[in-house]
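Student: I am new to this structure. Please pick one part, look at it closely, and then show me what surrounds it.

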Amino acid sequence: MESYIPLVDDGFNAIRETNVSGLDLCYMGSLPSGPSILIGTTARYLMHEERRAIYISALEAALSGFGIVTLALSGGLFSLIKGAEDGGGRIHIVTAEGLDDYRRKREERMRRALLTGGSVISPFRHGYGKDEAIEVSLSLSSALITTGCGRLMQSALDNGIDTAILRPSLARSAARKAAEQGAPVIDTFSSFLAFPSRIAYPDEN
């Protein structure tokens, strides 16, 4: 029988409870301690160019020292996780699923987030809370990059959080609507800053 050493120890995996901005939540890992940006979408499917823009945005934000918060309504975006990992950033997944369900269904994503020194966060240990997950993710973030006008963007605007739309998402009517209403349209995270410290240029490989 083979033995192994777990990559993340059980103490770090312990479920903790806290209150952030008046919101009760459960989490595993370490909560954001510095500037963090929420890169998220409520769209069920993303186009290739959107995934690429999300990857580059997460990479640039991580290289610039930002924590990466993502709203995981359907598990979480692999493109975002990969970008944050490649940039050496911390990933903070806010899930609408309970932590127990997320651990059972999405073990790989949870492990990857925890290995970055980040966290997996839920308003509930059991059950679902989509509205509460949106509020928690926004309370941990200083800005939002998204794919279109939806509940996430409306909540961000209601909370006075700067919001930008990814340019590839203009193929969506919801993104065009947001742009028509005055939301900034950006190529990637670095376009969000007046003086970005890092800009990523993808190549064909």
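Tutor: Start with a term we will need throughout: a residue is buried under 20% relative accessible area, exposed over 50%, and partly exposed in between (1.4 Å probe, protein chains only). The model is predicted, so local features need pLDDT of at least 70 and side-chain atom pairs count only at pLDDT 80 or more, while totals for chains, interfaces and linings use all residues. Residues are numbered from 1 along each chain as its sequence is written, and side-chain values use heavy atoms, leaving out hydrogens and water.

Our part is helix α4, residues 107-115. Helices (H or I, at least four residues) and strands (E, at least two) are DSSP runs, numbered from the N terminus.

Begin with burial. R109, M110, R112, A113 and L114 of α4 are buried. What do they pack against? The buried residues of α4 pack against β2 (23-29), α2 (78-86), β5, α3 (99-105) and β6. After α4 comes G117, and its phi is positive, near 90°.

Now the charges. A salt bridge is a side-chain nitrogen of Lys or Arg within 4 Å of a carboxyl oxygen of Asp or Glu. By this rule the structure has eleven salt bridges. Take R112 and E85: their side chains meet in a salt bridge at 2.8 Å, N to O. Because R112 lies in helix α4 and E85 in helix α2, the pair ties together parts that are 27 residues apart in sequence. R112 is buried, at 18% relative accessible area. E85 is partly exposed, at 28%.

R112 has another partner. E108 forms a salt bridge with R112, with the closest N and O atoms 3.4 Å apart. These two are four residues apart in helix α4, so about one helical turn separates them. Shared partners join E85, E108 and R112 into one network of salt bridges. E108 counts as partly exposed, because its relative accessibility is 41%.

Why does that spacing matter? An α-helix has 3.6 residues a turn, so residues three or four places apart point the same way. E107 and R111 are also four residues apart in α4, about one turn of the helix. Their side chains meet in a salt bridge at 3.5 Å, N to O. R111 is partly exposed, at 34% relative accessibility.

What lies alongside β5? Two strands pair if DSSP finds at least two bridges between them. Strand β4 (residues 67-72) runs parallel to β5, joined by five bridges. Strand β6 (residues 119-122) also pairs with β5 in the parallel sense, over three bridges. H92 shows both pairings: V69 stands opposite H92, and H92 stands opposite S119 in β6.

Now follow I93. Contact means heavy atoms within 4.5 Å. Beyond residues up to four places away in sequence, I93 touches T70, A72, I81, Y102, R109, A113, S119, V120 and I121. R109 and A113 bring us back to α4, where both are buried.

A nonpolar core is a set of buried Ala, Val, Leu, Ile, Met, Phe, Trp, Tyr and Cys residues joined through side-chain atoms within 4.5 Å. The largest has 30 residues, and I37, I39, L80 and I93 have the most contacts inside it. Helix α1 gives the most to this core, with four residues. There is a second, separate core of 18 residues, which includes I121, A133, L138 and A156.

So what is the picture?
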